[in-house]
Amino acid sequence: MKAIVDCNSFYAACERVFCPSLHGKPVVVLSNNDGCIVSRTDEAKALGIQMAGPYFQSKELIQKNNVRVFSSNYHLYGDMSKRVMETLRMLTPSIEVYSVDEAFIDLDGIDEKNLFNYAHYIKHTTELWTGIPVSIGIGATKVLCKVANKLAKKNKKKTGGVIILQTIEEQMEALINTPVEDIWGIGNAHARKLRMFNINNAWELRNMNEGWVQKNLGGITGVRLVKELKGMNCMDMKEPLISKKMIATTRMFGKPILELKELKEAVATYISRAAEKLRRQNGVAGSLIVFVVKRGESNFNISYEPSTQSAYINLSIATDATNVLIAQAMLLVEKLYTTERKYIKAGVVLGNIQPNYTVQYNLFESRENNKERKLMKIIDNINFGIEADIVKFASAGTKRNWKMRQEMRSKRFTTKWEELFIVK
DNA sequence: TCTGGGGTCCTAGGACCC
DNA sequence: TCTGGGGTCCTAGGACCC
């Protein structure tokens, strides 16, 4: 058997740890730039505030009901996530961190009669040590774990936050109570399709034949999903993901910009971020994509939808040097830039990532990289150790009018000395 | 006027190779 | 007039996840 441990309303829960008066009160957390709602407590859900909905649409509801609103504070959430995962690691033999707020646990070797007590022990200890409430779903496969977890979360009072699917009867009941759009791996497009075929819950999907699924549900991915619903393991526990295959940094701007100079500054800054991430995993990137998004506008009787343009380059030598990547990116920005409309967003994606010891040099390029590598190391040490961005490239700008809005961010209680939590 | 950011996996089709 | 069979690699795009 396996389990998934999933933090309840994770971002909002992190805020509550450092502001206990918010327990029992509605809280929401916003995405970058205060654009969307990305985390809601149960009290906020009960008010009808939509997940992933634009903030401005719920603003009235939020103000009327005195909902506490936070901008996202990724320093805090990242650190709290680490604490949760460390706790699970100490309590269980093997975990796979699936996302910032979820981990699968391998329960092979645990006596099935003890699963219930074991799950409650994990739940209780995690909550005690970190202050973050969790729900646990247990089943034979990852997909069944997710089914169990979803139901456990939906019905915390009745289930105590833990559901175990052991017998076929338990599985059947759970699957019947899971509408197709709630199945892990079924998104909007497939859900609509399934409904069209009058397949409405997970049990009905489970009983479809393989040929049909193969043809209508994304090929092999769909077949695996249905097998997992039947209790046949098709998704292994994964080794911890050490190196990413692509690294992206993209942001909306705080306000739309028109100037090429500002656009370049933003892109140079994103490259700096992405290259730091790249170096942290000891990787080098072989390709680079820059994209920019123009604002939608209506002038007189012409209207434009927001539109994205992108350009990419394959680097002759894979690199992790910020300055090299910035230089290439600037050329791409110049290629993309026009003055016709304002820009609201830009991003960079580093691809073709390889470990840095495999770099393929070529005849026509010198090996100056050593010098660069030393420089990058020094810059990274200063920025990681003292304060982010204390040393940066001039092309990344100093005024940064385009920086995102984060008007309601809490303090970085656990990662910045100047912002430590104060107990009176 | 206002709608985030960062990922993964799979497939189809084209280019190219022997 | 006639023109094989079997691969690999790359890219773009779709779908999905949190």
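The model is predicted. In it, 19 residues surround DNA strand B, and S9 gives the largest share of that surface, six residues. Strand S7, residues 134-139, is mostly covered.

**Surface near DNA strand B**

- The closest of the surrounding residues are Arg 224, Ala 248, Thr 250, Arg 251 and Met 252.
- By residue class, this surface divides into eight nonpolar, five polar and six charged residues.

**Phosphate contacts**

- A backbone N or O atom of Thr 250 lies 2.3 Å from a phosphate oxygen of DNA strand B.
- Lys 245 places a side-chain N or O atom 2.8 Å from a phosphate oxygen of DNA strand B.
- For Lys 345, the distance from a side-chain N or O atom to a phosphate oxygen of the DNA strand is 3.5 Å.
- Helix H12 (220-229) and strand S9 (247-257) are the elements that give two or more residues to the surface near DNA strand B.

- Six of the six residues of S7 are buried.
- Val 134, Ile 136 and Ile 138 point one way from S7, whereas Ser 135, Gly 137 and Gly 139 point the other way.
- In a regular strand, side chains alternate between the two faces of the sheet.
- Strand S1 (residues 2-7) pairs with S7 in the antiparallel sense over six bridges, and Lys 2 has Gly 139 of S7 as its bridge partner.
- S7 and strand S8 (residues 162-164) run parallel and are joined by three bridges, with Ile 136 opposite Val 162 in S8.

Definitions and conventions. Residues are numbered from 1 along each chain as its sequence is written. Chains are lettered from A and ligands numbered from 1 in the order in which they are written. This is a predicted model: local features need pLDDT of at least 70, side-chain atom pairs count only at pLDDT 80 or more; totals for chains, interfaces and linings use all residues. Side-chain values use heavy atoms; hydrogens and water are left out. A residue is near a molecule or strand if one of its heavy atoms lies within 4 Å of it. A polar contact is a pair of N or O atoms within 3.5 Å; within protein, one must be able to donate a hydrogen and the other to accept it, and residues adjacent in sequence count only if both atoms are side-chain atoms. Helices (H or I, at least four residues) and strands (E, at least two) are DSSP runs, numbered from the N terminus. Ala, Val, Leu, Ile, Met, Phe, Trp, Tyr, Cys and Pro count as nonpolar, Asp, Glu, Lys and Arg as charged, and the others, Gly among them, as polar. Buried means under 20% relative accessible area, exposed over 50%, partly exposed in between (1.4 Å probe, protein chains only). Two strands pair if DSSP finds at least two bridges between them.
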